[in-house]
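Please read these notes with the sequence and the model open side by side. They go from the whole chain to single residues.

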Amino acid sequence: MQASEARYAELMQHANSVILRWRVDGTIIFANEYAQQLFGYTAAELIGQSVNLMLPPQDSTGADLSTLVNNIVAHPENFKQNVNENICRDGRRVWLAWTNTPVRDATGQVTEILAVGTDITARRQAEEALRASEDGLKRAEAAAHIGHWTWDVRSNRVAWSDEMYRIFGL
């Protein structure tokens, strides 16, 4: 039993994912080493603090995060999988894909949340850069009055850009 517990503790500490346990009032009761490194706090600085410490009131898209913790506790079934922006000690913003699991007591009441997060910041930044590039291409096509079309030879589908439809009056 001790060996099993030791392996479990090692897994929790050294996983390449953020692992947090927090009470229904938001109080952090466990933060693994990866969480400490990512967010820039020691375990002693996190334990006993509110999980809101790592949540900005509003994310960079304008979404309100001020009630997220209460919503997860009240409706855990709606937050089994969740993506939100978090804030690190140094002010950096990071995006995490979370898996939230409610921990229930003998009566079925949620007492804690086990939250496992994967840092998807780089992916979000790449997606945003791609969107910006595509928007720039659309503006350049419109300004130059040129368009483009693509042909998927596998499906034999042709797609025209918006400017191609305008050029041909379609």
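1. Accessible areas here come from the Shrake-Rupley method with a 1.4 Å probe, and for residues only the protein chains shown count as cover. On that basis the protein exposes about 10,900 Å², and carbon and sulfur atoms supply 54% of it.

2. This is a predicted model, in which local features need pLDDT of at least 70, side-chain atom pairs count only at pLDDT 80 or more, and totals for chains, interfaces and linings use all residues. Residues are numbered from 1 along each chain as its sequence is written, and side-chain values use heavy atoms, with hydrogens and water left out.

3. Start with the secondary structure. Helices (H or I, at least four residues) and strands (E, at least two) are DSSP runs, numbered from the N terminus. The protein has six helices and seven strands. Read from the N terminus, their order is α-β-β-α-α-α-β-β-β-α-β-β-α. The radius of gyration is 23 Å, well over the 15 Å that the globule rule gives for 170 residues, so the protein is more spread out than a compact globule. The radius is taken over C-alpha atoms, and the rule is 2.2 Å times the number of residues to the power 0.38. Along the principal axes, the C-alpha atoms fill a box of roughly 70 × 35 × 30 Å.

4. A residue is called buried under 20% relative accessible area, exposed over 50%, and partly exposed in between (1.4 Å probe, protein chains only). Buried residues are 30% of the 170 residues. Contact means heavy atoms within 4.5 Å. Of the contacts with a separation of 6 or more, 36% are between residues 24 or more positions apart. There are 16 positive and 21 negative side chains, and the centres of the two sets are 3 Å apart. In this count Lys and Arg are positive, Asp and Glu are negative, and His and the chain ends are not counted. Each charge is placed at NZ of Lys, CZ of Arg, CG of Asp or CD of Glu.

5. How far apart are the end C-alpha atoms of helix α5? They are 34 Å apart, which agrees with the 34 Å that the 24 residues of α5 (residues 121–144) should span at 1.5 Å a residue. The expected span is 1.5 Å times one less than the number of residues.

6. Apart from neighbours within four places in sequence, Glu 141 is in contact with Ile 146, Gly 147, His 148, Ser 161 and Glu 163. Ser 161 belongs to the loop between β7 (157–160) and α6 (162–167), and this serine is buried at 7%. Not counting residues up to four places away, Ser 161 touches Glu 141, Gly 147 and His 148.

7. Two residues other than glycine have a positive phi and deserve a look. Asn 156, in the loop between β6 and β7, has a phi near 60 degrees and is exposed at 56%.

8. Two strand residues are worth checking. Glu 85 lies in strand β3 (residues 81–87) and is buried, with a relative accessible area of 3%. Leaving aside neighbours within four places, its contacts include Leu 55, Pro 56, Arg 93 and Trp 95. The C-alpha atoms of Glu 85 and Gln 58 are separated by 8.7 Å, although the two are 27 residues apart along the chain. Ile 19, in strand β1 (residues 18–23), is buried at 6%. Its C-alpha atom is 12 Å from that of Ala 97, 78 residues away along the chain.

9. Last, compare a loop residue. Ala 106 sits between β4 (93–104) and β5 (110–119) and is exposed, with a relative accessible area of 88%. Ala 106 and Leu 130 are 24 residues apart in sequence and 49 Å apart in space, C-alpha to C-alpha.
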